[in-house]
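Hi everyone, thanks for coming. Please have a look at the sequence and the structure on the screen, and then I'll walk you through a few details.

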Number of protein chains: 2
Amino acid sequence: MTAALAIRPALATDRQAVWTIIGPIVAAGETYALPRDWSAAQALAYWFLDAHEVFVAEEEGKALGTFYLQANQQGGGAHVANAGFATAAHASGRGVARAMGHFALAHAKARGFRAMQFNFVVSTNEAAVHLWASLGFETLCRLPEAFDHPAAGLVDALVMFRRL
Amino acid sequence: MTAALAIRPALATDRQAVWTIIGPIVAAGETYALPRDWSAAQALAYWFLDAHEVFVAEEEGKALGTFYLQANQQGGGAHVANAGFATAAHASGRGVARAMGHFALAHAKARGFRAMQFNFVVSTNEAAVHLWASLGFETLCRLPEAFDHPAAGLVDALVMFRRL
């Protein structure tokens, strides 16, 4: 499927499609540390922050995934990238996140970033943990009980890192 | 000296005093990952973010230090606090930061936070690393070469954590 997947910068006209993808993820509250009751406007304001470069992954004109790329810190920390990824539930397991991950790593390197860091990968999000490990990220540490999972309660979050 | 030190919420009228403290720190770029060329307005907008509860530590009516307290994450991560501290250069070595640290830990606990996490303690900032260790913080991991120090070049930053 990923042969037909196109990844391109998000446009203002993609906002509704992005909300369709990230809305259920925000509401579920299982993988992102964001308020579960956020409105579309609140979630989209976060996803499309000025500092975020936003992309969509689409197949035959339909967005199946989206991610943002940003500097993880400002000033003396601006050479390390950070990113957040979301895949439409109905497209799960088809390699969309992996394709976006590959793209994000290459694009971050092209922009001059020297590494990519994820600050808060929820440990129970095994698909994400395994994906990032398979793309070369190492777990630098576990943040003890840093995430209150709606079903599992307090679980660790991981700091994951990869040089570019 | 700390017996005469009073710690209280910052007021709008403290903004100039806070800038006097944080301005040289931002400009030096050795301990905070913030743009070194930030104006007073930019630095104060950051320090006084809506989500930040800001305090000043004063002695005889003169602010010697300031810190902010916030949730380190939103949503499922909102039970872990984060804070940033700054001491006036002329008050260095007199226990101001330690007093603010004690206050911040107690206040965070009173607010219901379960832990405090520092995401980015520059490893060459030995005074801070030692202070936080002495206040019970453990280093969860080092972020490799995550900070570009103006004099030392690329150095690690530390993720430090303490339960409350």
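**Salt bridges, a helix and an axis**

Let's begin with B:Glu58, which is buried, as its relative accessible area is 16%. Keep in mind as we go that this is a predicted model.

Which residue does B:Glu58 pair with in a salt bridge? The partner is B:Arg8, and the closest N and O atoms are 3.1 Å apart. This pair links distant parts of the chain: B:Arg8 sits in strand β1 (residues 5-9) of chain B, B:Glu58 in strand β2 (residues 53-59) of chain B, and 50 residues separate them. B:Arg8 is partly exposed, with a relative accessible area of 23%. Over in chain A, salt bridges that share partners connect A:Arg8, A:Asp14 and A:Glu58 into one network.

How many salt bridges are there over all chains? A search of the whole structure finds 12. Another one of them joins A:Arg94 and A:Glu59, with their closest N and O atoms 3.0 Å apart. A:Arg94 belongs to the loop between β4 and α3 (96-110) of chain A, while A:Glu59 is in strand β2 of chain A, so to speak a link between distant parts of the chain, 35 residues apart. Are these two buried or exposed? A:Glu59 counts as buried, because its relative accessibility is 18% and the cut-off for buried is under 20%. A:Arg94, at 35%, counts as partly exposed.

There is also a salt bridge between the side chains of A:Asp156 and A:Arg142, at 2.9 Å from N to O. A:Asp156 lies in strand β7 (residues 153-163) of chain A and A:Arg142 in strand β6 (residues 138-149) of chain A, so this pair ties together parts 14 residues apart in sequence. A:Arg142 is partly exposed, at 45% relative accessibility.

Now for a helix. In α2 (residues 40-47) of chain A, the buried residues are A:Ala43, A:Leu44 and A:Trp47. Looking down the axis of α2(A), you would see these buried residues fall within an arc of 95°, so they line one face of the helix. What do they pack against? Their neighbours are α1 (15-28), β2 (53-59), β3 (62-71) and β4 (80-87) of chain A.

Last, the two chains together. The same surface serves both copies, as 100% of the contact residues of chain B recur in chain A.

Key: Residues numbered from 1 in each chain as written. Chains lettered and ligands numbered in written order. Predicted model: local features only at pLDDT ≥ 70, side-chain atom pairs only at ≥ 80, totals over all residues. Heavy atoms only, no water. Buried < 20%, exposed > 50% of the residue type's maximum accessible area, 1.4 Å probe, protein only. Helix = DSSP H or I, 4+ residues; strand = E, 2+ residues; numbered from the N terminus. Arc of directions from axis to C-beta. Contact = heavy atoms within 4.5 Å. Salt bridge = Lys/Arg side-chain N within 4 Å of Asp/Glu carboxyl O.
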